[in-house]
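Thanks for coming. I will keep this short, so please hold questions until the end.

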Amino acid sequence: MTTVLATVLTGSAVVSRQVSASAAAPARQAAVPAGSPTGHVDVMNRTAGGLWVKGWTFDPSAPTTANAAYAWVDGRNVHSGGPAANNRPDVAAKYPAAGPLHGFSWRIPVPQGTHTVCVRAGNLGAGGPVTLKCRTTVFNYGPKGSFESLTTTPGSMRLRGWAIDGDAWTTPLTLQLTVDGRASTIVADKPRSDIAASYPNTGTLHGFDETYRVAQGTHRVCVTALNIGYGSNASFGCRTLVVDDRPVAALDTLGESGGKLQIRGWAFDRDQPTAPLTVSVAIDAAAPFTLKADLARSDVAMANRGVGSAHGFATARALAEGRHTVCVVVRNVGYGSDRSLGCRSITVDFTPKASLTAPKPTATGMTVGGWAYDPDTSRPVSTRILLDGRTVTTVLANRKGSTRSGHNFAATLVSRSGRHTVCVIADNLLWGTRNSKASCQSTSLALSPLGSFESLTRAPGTDDLLVKGWAGDPDSSAPTTVTVTVDGRAVPALRADAARTDIARTYPSLGTHRGLSAVLATDDGEHRVCLTAKNVGGGTDRSLGCRLIYAVHPVGPSAPRSVKAVPGFGGATVSWTPPSSDGGAPVTKYVVTSSPGSASVTVAAGATSAVLVGLKSNTTYRFSVRASNVAGSGVPAVSAAIRTAAGPPAQRTPAPVSTSRYIRNVRGSSAAELAMMRREGATDAKNNPSGHGYMVLLDIGGQDYYDNGVVLSATTRFVSNRDLVRDVQAYMDGYASAQRPSAPVVVAIGTNNDMDVSAASGRQWATNVVNPLVSYARRHLGMSVAGANDIEPGFRASYSATRSWLGGYLSATKAPFVFNGSADGCAWTTTNRRCNNGWTMAGLHYLAAAAAPTRMLNLPQIYNNTMADQWKYISLTGVVNHLPRINFAGVLTEYTACAQSGGCGSMGGRSAWSRMWNDLQSDSRLRVSSLPYATDLRVDR
């Protein structure tokens, strides 16, 4: 809708009004010309066949003359109401110059459908006609109402609803009722106060509530209200109703219990809801019998209001075992017909059931198992087990199991080799006359002899050997033959026929005469005796094992043979072959000793090599190997001289990961703090084995140049350079106290570029921290010191300030420099690109290598694969600019530190080393023969 503001001059007064205009209204104008009529539509209400309108209008050009009012429907003039001359004192009161005779009131005829109706005021002088009001609405003159419900009562149907017609509000309507295509009429004249409340002035007599007798079955019912006056008939829709007055019933139980067939259910008929019904039961071809459904069933009463509880039926019938058909019919009373609860088949079975699982072979037969039960009871049943048709044992099926738990059984059967059939039969307990069907399994057995070689001693008073043991073959009751070898040579066979009641208790089927006790004629030397029980029947011979007896008078072993040594860094691998003679008793150990130095290692008798560590580098050694037995040590054999390696071997596989530390746990250099630093150094050294070199980074924090100290990383804790040096010296002492031989270490003392960063602070770090520690390290063999800096583009110092710091450091010391920073924002797939904060890959190459190629070691932070790739291309940036490639010492990770904090992510040292190694090997310009170090940071709190 659009609202137009019209101004009307009446005498000396200016009157403003709103005039509603519709898009479909005629003569719509952008502005109302001066002198046009004014007015108002007070009422525009629905009425029979259209709208009833009431209002007023006058034309200021002739205020006392009645101008015309007329109606437009959908843009067409359909009604001229004539002059607006009805008496309207209220208009005269508001517009005295116009007088009262300006009212209009009339009905506008409107057809059914959606229409826009406008009321217009006619013009008399200047100006033009004015639309006073428009309304768009749906005009439906037919009846209104609802087909609310369609329900059943015994033998009948009941329909309810209401209907009214706007053309005759108070008149009860006639409705056409169609049932299964047959029409009749009813009148909606039953009281409905709710309709009167919703439609005032219509009265209450507009309801319908009718009951009709109908046949059993499905019916379709339709209701149509017949129109009065305007409009057309209105369909209130159709409903489908099933009239089923048969009894309501259910068969709850049909099953076997207590040796009889149990039948149980309930039934009632809504025609006589409290009366007990008759139930007819037919079993197989026998004549039906009847039951009275009068047993208490509280569940039926609760679920079906008003029917009572006496509607249950139950019976128990003794039947022969087998399959039976049971049909149940509930007899009808009143309307409807009998209700069949159907026919069901049931098998009456009182016979026990049994199942045998596959037998499992044992040394003397087999084990069997399975389940067995009697459907008449939960008690365990007696179960007979038959072997090849003969009952061999009876067991109670009362064990737990995965199937039929509580009714499982198990048994062990003695048998001989061959094909066997095992069956199980469950005995009947209560009703019925039969035991279970046999459940059978077939199996084949191939039984070998049993036995044991129990002892080998000297026969009393002689050098001869006394052999004791036992042997028996499940396939034979005859004594078992036992073959004998002495030192690999066969001697006459023995018979296991001595009395052994203990064997009979363990293996009753073997009997008592299965013992073996015999004397073998030998000398007083060392001898090895082996026994084998010979098979008869389906199995194979069984070795009873071998035993060794020492010489009566053993001596030490002869010298080991073919002793060789292979040198390494800080150690050697020594190998040999056993001595030609063990001296009459087995070798019990080997002792390998170095010369010089007398380092030794002892290994077990079966070993033929040993590794000695803790040897000096670049030193000539020989190694003796000596065998021992119960008689003592034999003569040694000595290797040829070898020289140990001068340094650690090239690291071409992931380097052992050392521990580095964020130092955040000191405030000064108290005795307690020095003791703590010594403990940390010793712990780190113990975890670094011989044969490798190591780098340990002590990451301190940012420099406070003006106070000659540091602020520990991630803290505000100040420590003077003097105290810091003492703390690191204590760490070095502790490390040296537990340092493994041939495990040299570089201790890197690190600051960062996040605080005071200048050439002066670089010189201070070298002069006041690094140089004193370099001197101190000389007292510890295998330990050296380097300065370090965690240089990162993301820290506060600029590139130029950081470069000045490095220049100051290098000018003030001869110690190496370890770059342990990052490459924030640098490219990882190409060279010569910019990084974060105005840094460049070329600038990082200078700080990590080009500033002093022979003194600089790069230990970059490698927390993920991308960080390794960045350093590959930073090194290539130097190469393409005709500068030396970066000298990579290894990788730095913070896997442990991240685990401690739970707030970051880092790959482990071995993975980082592998990624960095592969990146370097992937380009011939960067390829290296060794990547020595991997170290992982932890936080000292």
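Predicted model: local features only at pLDDT ≥ 70, side-chain atom pairs only at ≥ 80, totals over all residues.

Residues are numbered from 1 along each chain as its sequence is written, and side-chain values use heavy atoms, with hydrogens and water left out.

Cores, then. By nonpolar core I mean a set of buried Ala, Val, Leu, Ile, Met, Phe, Trp, Tyr and Cys residues joined through side-chain atoms within 4.5 Å. Buried is under 20% relative accessible area, exposed is over 50%, and partly exposed is in between, with a 1.4 Å probe and protein chains only. The largest nonpolar core has 95 residues, and the members touching the most others are I749, W765 and W871. Helix α6, residues 721-738, supplies the largest share of this core, eight residues. Helices here are DSSP runs of H or I with at least four residues, strands are runs of E with at least two, and both are numbered from the N terminus. A second, separate core has 22 residues, including A249, L291, A293 and V330.

What does I749 touch, leaving aside neighbours within four places in sequence? Taking contact as heavy atoms within 4.5 Å, I749 meets L698, I700, V728, W765, V769, L773, V785, A786, G787 and A788.

Now the helix pairs. Two packed helices are described by the angle between their axes and the distance between the axes. The axes are lines fitted to C-alpha atoms, for helices over the stretch in contact, and angles run from 0 to 180 degrees between N-to-C directions. Under 35 degrees counts as roughly parallel, over 145 as roughly antiparallel, 65 to 115 as roughly perpendicular, and the rest as oblique.

Helix α10, residues 865-880, is in both pairs. With α12, residues 909-921, its axis comes within 9 Å and crosses at roughly 30 degrees, so α10 and α12 are roughly parallel. On the α10 side the contact uses N865, A868, D869, W871 and K872; on the α12 side, R915, M916 and D919.

With α9, residues 841-850, the axis of α10 comes within 8 Å and crosses at roughly 85 degrees, so α9 and α10 are roughly perpendicular. W871 is among the α10 residues in this contact, and H845 is one of those from α9.

On to strands, which pair if DSSP finds at least two bridges between them. Strands β31, β30, β33 and β34 form an open sheet in that order, with antiparallel pairing. At the edges are β31 (390-396) and β34 (439-445), each pairing on one side only. The twist averages 25 degrees from one strand to the next. Six bridges join β30, residues 382-387, to β31, and L386 has T391 in β31 as its bridge partner.

Strands β11 (144-153) and β12 (156-164) pair antiparallel over nine bridges. They form a hairpin with two residues between them, and G155 in the turn has a positive phi of about 75 degrees. T153 is bridged to S156 in β12.

Last, V566 in strand β43, residues 561-567. Is V566 buried or exposed? It is exposed, at 53% relative accessible area. Leaving aside neighbours within four places in sequence, V566 is in contact with A572 and T573.
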